[in-house]
Amino acid sequence: MNEGLKVIFEKLKKRIDSAKTELYYRKYFEWRLPTRPFIQVNMETNSVCTRKCHFCLFGIKDVPVKKMSPRLFFSIINQLADMRFRGRISLFEINEPLTDKRIYDFTRYVSILLPDCYQLMVTNGDLLNRERLDALMDNGVDLLVINSYDRKALERNRVNARYGIEKYHGMVQHCDKTTFTEWVSRAGHIKQYAKEAVHDFCEYPNYILYIKPDGKVLGCWHDFDEENVMGDLNQEPVRDIWYGKRFKDFRKALNRGDRSLSTLCKRCDHRPDINYMRWNRMLAHEKCSDRHASNDNKVRRNEVAAAIKRKYL
Ligand code: SF4
């Protein structure tokens, strides 16, 4: 295809994707139609962090150390591939992903099995160096965000971030969080940031599949005490949990603005943020999906995936 046609085609594709996103949003909250597939997967491969920040679960309690079994990890990714999942995937949530040494292999496995997914990773940079940054990017991270939470980290992270930004053009970002003030209470858990409870719909259970290291699927990522467990991936497949009665009922009530289902939702001060949902949906569409495909051919990639599995099973 010539260059001019390619540009027109890309623009048209973006317009269609944007219209689809609009429709997606309207379907959920205005038309209240049945459950649609998730567009984002957040999966913690362990429950470890290097910090105890004031805005986080790790800052308010001791978190028991858990590690996802490789068998469960591969099973989840294979199921997502069977479901032809195409969206954002993040191999972390409230943990620090670099505390898990398997993260490079796991990232690679995801990029092979789910080549059209957008892998976004956020790190506090405590364990980051140039080699690790290269390893993450080479294995398939599409966007690496380095957050600096104090002055010391800011100085240190600047060096790694500059290296990444120059080398990976737009795929590495550095965020100075030392002056950030918009912290959220995480459904009321972080008392100093808590606001009045909100009585409105909640978008999270409509588009995010949030998986803990032990395989539990939670209703949202603010659920520090695991009150709203939607299922266990050691017992049920992803599809059955997402489309199961428990999750559907939970979703339905929240879409009506009924937050009386759990003490967590009752006191939650999260205001729906459709722009964030839209942004997540657009990420996968904007991905240049043949970046990894061009690195090595399909047969070779399948061999790499098999080798990664053999290494851990
Ligand atoms: S209402 Fe709050 S606690 Fe309940 S699912 Fe939504 S964000 Fe989570």
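**Exercise 1.** In which hand of crossing does H5 pass H6?

*Solution.* Start with the source. This is a predicted model, in which local features need pLDDT of at least 70, side-chain atom pairs count only at pLDDT 80 or more, and totals for chains, interfaces and linings use all residues. Residue numbers run from 1 along each chain as its sequence is written.

Step 1. Find the elements. Helices are DSSP runs (H or I, at least four residues), numbered from the N terminus. Helix H6 spans residues 151-168.

Step 2. Take the axes, which are lines fitted to C-alpha atoms over the stretch in contact, with angles from 0 to 180 degrees between N-to-C directions. Those of H5 and H6 come within 10 Å and cross at roughly 35°.

Step 3. The crossing of H5 and H6 is right-handed (the near helix is turned clockwise from the far one by less than a right angle).

Step 4. List the contacts (C-beta atoms, placed from the backbone, within 7 Å). From H5, Arg 130, Leu 133 and Met 137 meet Asn 160, Tyr 163, Gly 164 and Tyr 168 of H6. These residues comprise four nonpolar, two polar and one charged. Here Ala, Val, Leu, Ile, Met, Phe, Trp, Tyr, Cys and Pro count as nonpolar, Asp, Glu, Lys and Arg as charged, and the others, Gly among them, as polar.

**Exercise 2.** Work out how H4 and H5 are arranged.

*Solution.* Step 1. Helix H4 covers residues 103-113 and helix H5 residues 130-139. Their axes come within 8 Å and cross at roughly 20°.

Step 1. H4 and H5 are therefore roughly parallel to each other (angles under 35 degrees count as such). Their crossing is right-handed.

Step 2. Tyr 104, Thr 107, Arg 108 and Ser 111 of H4 meet Ala 135, Leu 136 and Asn 139 of H5. The contact holds three nonpolar, three polar and one charged residues.

**Exercise 3.** Is Arg 251 buried or exposed?

*Solution.* Step 1. Locate Arg 251: it sits in helix H9, residues 245-255.

Step 1. Count. Arg 251 has 23 C-beta neighbours inside 10 Å, so it is buried (20 or more other C-beta atoms within 10 Å, all placed from the backbone).

Step 2. Look further along the chain. Beyond its neighbours within four places in sequence, Arg 251 contacts Thr 35, Pro 205 and Asn 206. Tyr 204 is 47 residues away in sequence and 8.8 Å away in space, C-alpha to C-alpha.

**Exercise 4.** Which residues come nearest to the ligand?

*Solution.* Step 1. Of 13 residues around the ligand, the nearest are Cys 202, Cys 220, Cys 265, Cys 268 and His 270 (near: C-beta atom, placed from the backbone, within 6 Å).

Step 1. Helix H7 (204-207) and helix H10 (263-267) each give the shell at least two residues.

Note on methods. Parallel < 35°, antiparallel > 145°, perpendicular 65-115°, else oblique. Contact = placed C-beta atoms within 7 Å. Buried ≥ 20, exposed ≤ 12 C-beta atoms within 10 Å, placed from the backbone.
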